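Subject: Structure handover

Hello,

My notes on what turned up in it follow below.

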Amino acid sequence: MTYTPDVVVWEVTYKCNAKCIHCGSDCIAQEKPYQLTTAECLDIIQDLKELGAKLVILSGGEPLLRKDIGALAAALNRAKIDFAFISNGLALNEHSIKLIKAVKPRAFGLSIDAADAYMHDYIRGHKGTFDNLIKGIKLLHENGIEPSVVTTIHKLNFSQLPKIRDFLIENGIRLWQIQYADFIGRMPKEAMITEGQFFELSKFILDTKVNYRKYFDIALGADVMGYMSDYAQSLQGPWLGCHAGLNVLGLGSDGAVRGCLSLQRDEYIEGYTTQRSLKDIWNDKNAFSYNRHFDCSMLTGYCKDCIYAAACKGGCIRSATSNSCERCNPYCLYKIEESGFTSDEQARIEFSKEEIAALYDPISKLPQEFWNDTFCSNILECQCKY
């Protein structure tokens, strides 16, 4: 069978000017000991063209910190491959806007995880990030570049969802993707949302899609939000299983090839483009076996016994395996609809500020303003402005 990497997420640099508490790649201010050269990147782009890639998402780290990012974008244009950026917004200025405008990306994505400066800056680990975002959004609009937004949810910012939605509406953002942080990279396991919060998050996304459609052209959960439940059909559409290694590809700044960048464990590295061509790795009959040679015996727990096991394949592999080596998904709407939550703890939605502080203070002290803020957890019924 022939596979085509329709969507490629390329971490073009490990270097980052922020230090997000949920970073799945654990990016820092320094590049990895080895970063792909411009020439090596151009070879990869040629391989992507020959493999039939349709969309390349340039991410990081912070992609705008890579000095040859303009050359890579221009090469993608020559190869007639659509591309987009995912950025934290810190490097957006008059100079970078000129570059972005010149290369004409399909989209420019910004990561926004709170709707006020102290919380967003805390999550992003860099003071001034929120102010830069507001300036960057304005620059993008003024230069005819439509910004989109990605929001990553964990216990700290779960209650901020309505406020973020208001912020996006006020700033003319019409494309919004919401995802939840998983236990990879720097993200602490204890700070992941519970199954109860996941269920409420799903309801919030559906509420936004249905009742705020005049404000958003696209408002969706990432492809980890669906699976086989009746509720999920309205939320995300039909779930056809994880696409990693089938029509999705992840590339690291050091040349590591994965089916999906979220699959961070070394066992998911299929090879390095510094040692073999991307075409050879992608076309290897033994590569990406967890999906290309999937068998229900790979699943564990309730996923293995589920009536949808063969079609669903355990949902998102990252979510199913991030807590252990097993392949059983804790965030499944069908499982919640059929049998409820795993435990009383997982059914919880509300968390006190003291509990949240205990999770995040070992990483970095919560901003003082957090203790003076109204804290809400009923994200659908809340009418306050925080």
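Salt bridges first. A search of the whole structure, which is a predicted model, turns up 16 of them. One joins Arg-106 to Asp-82. The closest N and O atoms of that pair are 3.7 Å apart. Arg-106 sits in the loop between helix H3 (94–103) and strand E4 (107–111), while Asp-82 belongs to strand E3, so the pair ties together parts that are 24 residues apart in sequence. As background, side chains of opposite charge can pair when their charged atoms come close.

Next, the sheet. It is open and has ten strands. The order is E7-E6-E5-E4-E3-E2-E1-E8-E9-E10, and the pairing is mixed. Which strands lie at the edges? They are strand E7 (218–221) and strand E10 (271–272), each of which pairs on one side only.

- E1 with E2: strand E1 (residues 7–11) pairs with E2 in the parallel sense, over five bridges. The bridge partner of Val-8 in E2 is Val-56.
- E1 with E8: four bridges join E1 to strand E8 (residues 248–251), and the two run parallel. Here Val-9 has Gly-250 of E8 as its bridge partner.
- E5 with E6: strand E5 (residues 147–153) and strand E6 (residues 175–180) are also parallel, joined by five bridges. Val-149 stands opposite Trp-176 in E6.

Two helices that pack on the sheet come next. H2 touches strand E2 (55–59) and strand E3 (82–87). The direction of H2 makes about 150 degrees with that of E3. H6 touches E5 and E6. The direction of H6 makes about 160 degrees with that of E6.

Take H2 and its partner H1. Helix H1 (residues 38–51) and helix H2 (residues 69–78) have their axes 10 Å apart, at an angle of about 20 degrees. An angle under 35 degrees counts as roughly parallel, and H1 and H2 are therefore roughly parallel to each other. Their crossing is right-handed. Which residues meet there? From H1 come Cys-41, Leu-42 and Ile-45; from H2 come Leu-72, Ala-75 and Leu-76. By class, that contact has six nonpolar residues, no polar and no charged.

Now H6 and H7. The axes of helix H6 (residues 161–170) and helix H7 (residues 195–211) come within 11 Å. They cross at roughly 25 degrees, which means that H6 is roughly parallel to H7. This crossing is right-handed too. H6 contributes Leu-161, Pro-162 and Arg-165 to the contact. H7 contributes Leu-201, Phe-204, Asp-207 and Thr-208. By class, this contact has four nonpolar residues, one polar and two charged.

Two backbone details to finish. What kind of peptide bond joins Gly-60 and Gly-61? It is a cis bond, with omega about 25 degrees. Gly-61 is found in the loop between E2 and H2. The other detail is Phe-288, with phi near 55 degrees. That is a positive value in a residue other than glycine. Phe-288 lies in the loop between helix H9 (278–283) and helix H10 (289–292).

Best regards

Notes: Residues numbered from 1 in each chain as written. Predicted model: local features only at pLDDT ≥ 70, side-chain atom pairs only at ≥ 80, totals over all residues. Heavy atoms only, no water. Axes fitted to C-alpha atoms, helices over the stretch in contact; angles between N-to-C directions. Parallel < 35°, antiparallel > 145°, perpendicular 65-115°, else oblique. Left-handed = near helix turned anticlockwise from the far one by under 90°. Contact = heavy atoms within 4.5 Å. Nonpolar A, V, L, I, M, F, W, Y, C, P; charged D, E, K, R; others polar. Pairing = 2+ DSSP bridges. Salt bridge = Lys/Arg side-chain N within 4 Å of Asp/Glu carboxyl O.
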